[in-house]
2 protein chains.
Amino acid sequence: MKAKITVSPKKAVLDPQGKTVQNALEHMGYKGIRAVHVGKYLEIEVEGDREIVRQQIDEACRKLLTNPVIEDYQFTLE
Amino acid sequence: MKAKITVSPKKAVLDPQGKTVQNALEHMGYKGIRAVHVGKYLEIEVEGDREIVRQQIDEACRKLLTNPVIEDYQFTLE
């Protein structure tokens, strides 16, 4: 099965990359942009029992894939 | 409304970052991992007509946010 993980900076954390993308979009003429947040996206193809995989992915997110101090994550299993 | 964009390397493109994450997970003891792909995730908060926003986000993905030669993207509007 495939785990799809999205990681984004917590709301309280400065996101200079997002601000840069927002400025670039505005300079290109796009209107109405209120905010841009830039994060990471991971796809992990993994085999095993669904519930165990869910626990392992959650643990891997906390230990390796994200920095829980400054990032939030969500994932789905398909 | 909010556009959620995921960008991942095309299947034919080398993904050294994904391979590195896969190796790290295996060294940490996780079993059954077949592949890892690392990409980008963007959230854009934008106002305007839904259909126009959809066209603008699609255009911005092709022109600025992704490299269509080596990356695929998908987005949803919420």
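## The second largest pocket

In this predicted model, the second largest pocket holds about 160 Å³ of space, a volume being the space filled by probe spheres set on grid points that are joined across faces, edges and corners. Of the 13 residues that line this pocket, Pro9(A), Leu14(A), Asp15(A), Val38(A) and Glu71(A) are the closest to its centre. On a 1 Å grid over the protein atoms alone, a pocket is an open set of points with protein on both sides within 12 Å along at least five of seven lines, whereas a cavity is a set of points where a 1.4 Å probe fits but cannot get out; lining residues have an atom within 4 Å of a point.

The lining divides into 7 nonpolar, 3 polar and 3 charged residues, where Ala, Val, Leu, Ile, Met, Phe, Trp, Tyr, Cys and Pro count as nonpolar, Asp, Glu, Lys and Arg as charged, and the others, Gly among them, as polar.

## The largest pocket

The largest pocket contains about 350 Å³ of space, and among its 14 lining residues Thr6(A), Tyr41(A), Lys4(B), Thr6(B) and Tyr41(B) lie nearest its centre. By class, this lining has 4 nonpolar, 6 polar and 4 charged residues.

## The cavities

There are 2 cavities of 30 Å³ or more. The largest cavity has a volume of about 70 Å³, and its lining includes Leu25(A) and Tyr30(A) together with Ile44(B) and Val53(B); the lining residues divide into 8 nonpolar, 1 polar and 1 charged.

The second largest cavity, with about 60 Å³ of space, has among its lining residues Ile44(A), Gln56(A), Leu25(B) and Tyr30(B).

## How the chains are related

## Confidence and conventions

For the complex, the predictor gives an ipTM of 0.90 and a pTM of 0.91.

Residues are numbered from 1 along each chain as its sequence is written, and chains are lettered from A and ligands numbered from 1 in the order in which they are written. Local features need pLDDT of at least 70, side-chain atom pairs count only at pLDDT 80 or more, and totals for chains, interfaces and linings use all residues, while side-chain values use heavy atoms, with hydrogens and water left out.
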